[in-house]
Amino acid sequence: IVEETDGQDISIEDGAIGAHEEVRKEEDTADAAGEEGSITKEEDALSDGVTAKPQVNDQIDDGTVETFDSTDGIASKQCGETTQTEKVDQTMDKIDTEKMDDDCLTLSVVTWNLAEAAPSEKEASFFRRFRKKSSSGMGSDLVMIGAQECEEIKPRRMEGHRSRHLRRMGIMMLGKEYVPLAIHSLGGIQCALYCHRDVLADVEMINIADVTCGVGNVLHNKGAIGVYLKMKRSSSDGLTKSSRMLFITGHLAAHVKNVDARDNDFKRIISELEAQAPTRFLRPMKNHDGSPAECDGTHLLSMVDHVFFAGDLNYRIDLPREYVERCIIDIQHSKAKVSTMEGADNSDIDALMKRLLRRDQLLQTIASGRAFSDFSEGKITFLPTFKFDKGTKNYDTSHKQRVPSWTDRIVFRSKKVRVLEYRSADEAKHSDHRPVFGTFQLGWGLKGKLSRKPKSKSRRR
């Protein structure tokens, strides 16, 4: 984005919302025509290259619900004590960052839509930040790397070369102290879970399942991979406790209008992962007559200690493109002022980010309880991660010019968690997405100092 702003408040004209609805209709028509007869890649396009100054309304921040009449472009406002905006604000602010006990496990999660192109070593070098440092012991015990669109969606007898490349990148960047516990592919989706050797002996069981959500719930262009992990911890007083964890990487339905389809994808994924869970990980529910109960995912979510769902979730910002671009421009300028100490502060940036996040479809979905119920997310401080012109910092300048959005997310449902970082890797530009990563501390609830068995030195044969 190269356009400058004078920093003054501006408002949406009456016709702007109507125009937004017309653009959405045109995009949906173009998408339907482009997808007819083939299921190769569901593309989500956005843009930053417009130079016209949009008009923006600060009323979006006042706790008001706006209902848009697409016939005349007029925005009508309805105020109430409990509004959708307030619920979204509560969703954004509910993370508890209390200090963790000594028994915590450190987890790093990556989600990256590769756009059917292999990343360079330089672009994947941010994987190295998760390594444990021998001097300080800081670093990650577990690292999950999830990717979407690794390969073209077509029948194949063996793993594609891009999936092999990504796997090699993970092994090389993390180093020999990390052991792959699970690596699995489903169409263009890949999931890899690595474990540091220091905690390898704590692993009790691991298993993998996958769920297809493409056309007819058969095609692999959309879906998810789940990794079931059970680990134990022991304290110095002899107390041992097991913890069940579920790591999911997924690719949900595309396009701004398909919120319900994304919600249904989530429900299908959780339900199927409950049905496929090994009995050693999750004891199946049964009816009063002893017959197996129907799996809807609630039993799985209630019994697992930590659930992480990362991927190209495809939820969008439901606002006019011009408004989003103006906010992004102002955020960039405010960040530049903060870095040069020219008067702006982080409160200005937070206010601008909140304008966009209040209309984020995923946060609205969580707040309404339609899907991802009781899931949380780290504070978003990075710019929208989709869609860029490949190899550049510019949002999509193609004829579609969709709204920049946070499609790539990491959400979690955990009994005890602390978010250490939640960022995007802006230097990785080969794709039309930016990778997103987060590091978390997971609590066990054990008291007393943990006991560790000394590492045994094995002889090489």
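Start by selecting Lys415 and Asp305: they form a salt bridge, with the closest N and O atoms 3.2 Å apart. (Salt bridge here means a side-chain nitrogen of Lys or Arg within 4 Å of a carboxyl oxygen of Asp or Glu.) The model you are looking at is predicted, so local features need pLDDT of at least 70 and side-chain atom pairs count only at pLDDT 80 or more, while totals for chains, interfaces and linings use all residues. Residues are numbered from 1 along each chain as its sequence is written, and side-chain values use heavy atoms, with hydrogens and water left out.

Back to the pair. Lys415 sits in the loop between strand E12 (408-414) and strand E13 (417-424), and Asp305 in the loop between helix H5 (298-303) and strand E10 (306-312), 110 residues apart. (Helices, H or I with at least four residues, and strands, E with at least two, are DSSP runs numbered from the N terminus.) Which end of the pair is buried and which is exposed? Lys415 is exposed, with a relative accessible area of 59%, whereas Asp305 is buried at 14%. (Buried is under 20% relative accessible area, exposed over 50%, and partly exposed in between, using a 1.4 Å probe and protein chains only.)

Now go to helix H6 (residues 321-340). Arg321 and Glu325 are four residues apart there, so about one helical turn separates them. Their side chains meet in a salt bridge (2.8 Å, N to O), and both residues are buried.

For another salt bridge, select Asp350 and Lys379, where the N to O distance is 3.6 Å. Asp350 lies in helix H7 (residues 346-357) and Lys379 in the loop between strand E11 (376-377) and E12, so the pair ties together parts that are 29 residues apart in sequence. Asp350 is partly exposed at 35% relative accessibility, and Lys379 is exposed at 54%. Then show Lys132, Asp141 and Asp198, which salt bridges with shared partners join into one network. The whole structure has 13 salt bridges.

Switch to a surface view and find Val215, Val218 and Leu219, which make a nonpolar patch of about 250 Å². (Patches are made of residues with over 30% relative accessible area and no salt bridge; like charges are joined within 9 Å, and nonpolar side chains, meaning Val, Leu, Ile, Met, Phe, Trp and Tyr, within 5 Å. Accessible areas come from the Shrake-Rupley method with a 1.4 Å probe, and for residues only the protein chains shown count as cover.) Val218 is in the loop between strand E7 (203-212) and strand E8 (223-234) and counts as exposed at 55%.

Finally, zoom out. The protein has eight helices and 14 strands, and buried residues make up 51% of its 461 residues.
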